[in-house]
Amino acid sequence: MLLPDAFPAPLTWLFLAALVLNLLVKRLLGARHARHVQAHRDRVPDAFAGHIGLFSHQRAADYTVARLRLNWLNTCADALLLLALTLGGGLAALDAWLAGWHWSPLPHQLALLGLALLIMAPIDLCFSWWRHFRLEARFGFNRMTQRLFVTDSIKGALLSVIIGAPLAAAFLAVMASGPHWWFYAWLLWSAFSLIIMLVFPAWIAPLFNRFSPMDDPVLGQRIHALAQRCGFALNGLFVMDGSRRSAHGNAYFTGIGKTRRIVFFDTLLNKLNHDEIEAVLAHELGHFKHGHIRQRLIQSLLLSLLMLGLLAWLAAQPGFYAAFNAMPAEPASHPAMALLLFFLVSPVFTFFLTPVRSWLSRRHEYQADAYAAAQSQPAFLIAALLKLYNDNAATLTPDPVHSAFYDSHPPAALRIAHLNRLEQST
């Protein structure tokens, strides 16, 4: 039941205050980080002397500052678009235009969602292009061609339509099913998330990259032995052609159950020796052994339940739409408008949870490092990290406040010191 129009003005001012504070925090933290990195640009920290040269250290500092500048421009562009779509009346204008076509409710709502996403896409596409072909290329990381960028973009768009449109239609239908729709929508979203985790390794990821079985029998044997020692049921060991797009290296787990596999970027295998690769994998297995992946999944599902409950309450308030100048042209378009508003506006408020999420992630990283130290040797993981810091131009001197707020991994100096303490205690 729709309640009286009670809070458009207070909610509008609360949103504007949160958005301004959001931008101020990002700007101040970014400026602190840039100043701190530049202030330490001309001297390699003692803990890394002899492992990372001055040229690499300075390159990492310049790369960090360049990324900060681009990210700030992206943030400002996103904020301007957000204001244009909400308080500027953009969503309301789209909805009114679609109402003139006199479509039935579901096509109208799907078209509203699709048009809004289509309007937002160019900003992401432009900054993604600049990031690859200007910033990453400037520092020698980009390997992607213009053709591959276009192909990836088209594939991503088609995949979004093929998967996203049926999911959106089902979601909107559930939203119209009754007062407890939020719980059924949560069940739908949970099922979808689990299905994607199952099908992603075998069906989605190969659309963008080539995955080949590891052809190094010695390394493969060591990895299988490590996985067995750690109680990890390994279904596949693959090498991904990450070098087609970037010089950065990585490794990750993907899938659940029988689809679970380990994937190495070819760039990572080219940089590390067998001992170091085993140590990196032992770190990833530490996340599995400590249940971090399961914990994050449960946290994500619980948070989505909370957010959907909040969305259900807000969607029933006329003031929610009025506060953002987005009153639907027709009652039938309420669900789509509520979805759009909620997912556009909520990140402005959830941004302030970032330091909590970062702290939890860093805690998990320390635990995984300790597990790797027990399964391999701390010295091997330290050697691997030093190579990755050097090759990936990761700054060794982050601003402590910026790092505490944003970083999902501990700063390089603290992480290496932690591993050194573990090595001395063995």
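**Close-up views of a predicted model**

View 1. C230 is buried, with a relative accessible area of 1% (buried is under 20%, exposed over 50%, partly exposed in between; 1.4 Å probe, protein chains only). C76 counts as partly exposed, at 26% relative accessibility. The whole structure holds 0 disulfides (cysteine sulfur pairs within 2.5 Å). C76 is in no disulfide, and its nearest cysteine sulfur, that of C126, is 16 Å away.

This is a predicted model: local features need pLDDT of at least 70, side-chain atom pairs count only at pLDDT 80 or more, and totals for chains, interfaces and linings use all residues. Residues are numbered from 1 along each chain as its sequence is written, and side-chain values use heavy atoms, leaving out hydrogens and water.

**View 2. The largest nonpolar core.** This core has 57 residues (buried Ala, Val, Leu, Ile, Met, Phe, Trp, Tyr and Cys joined through side-chain atoms within 4.5 Å). L91, W181, F324 and L341 touch the most other members. Helix α12 (residues 334-350) gives the largest share, 10 residues (helices are DSSP runs of H or I, at least four residues; strands are E, at least two; both numbered from the N terminus). Another core, of 44 residues, lies apart and includes M214 and L386.

**View 3. Around L91.** Beyond neighbours within four places in sequence, L91 is in contact with L85, L112, A116, M337, L340, L341 and L344 (contact: heavy atoms within 4.5 Å).

**View 4. Kinked helix α6.** A kink of about 40° lies at L198, shortly before P201 (the angle between axes fitted to the seven residues ending there and the seven starting there). Buried residues of α6 include W181, W186 and P201. The buried residues of α6 pack against α5, β3, β4 and α10.
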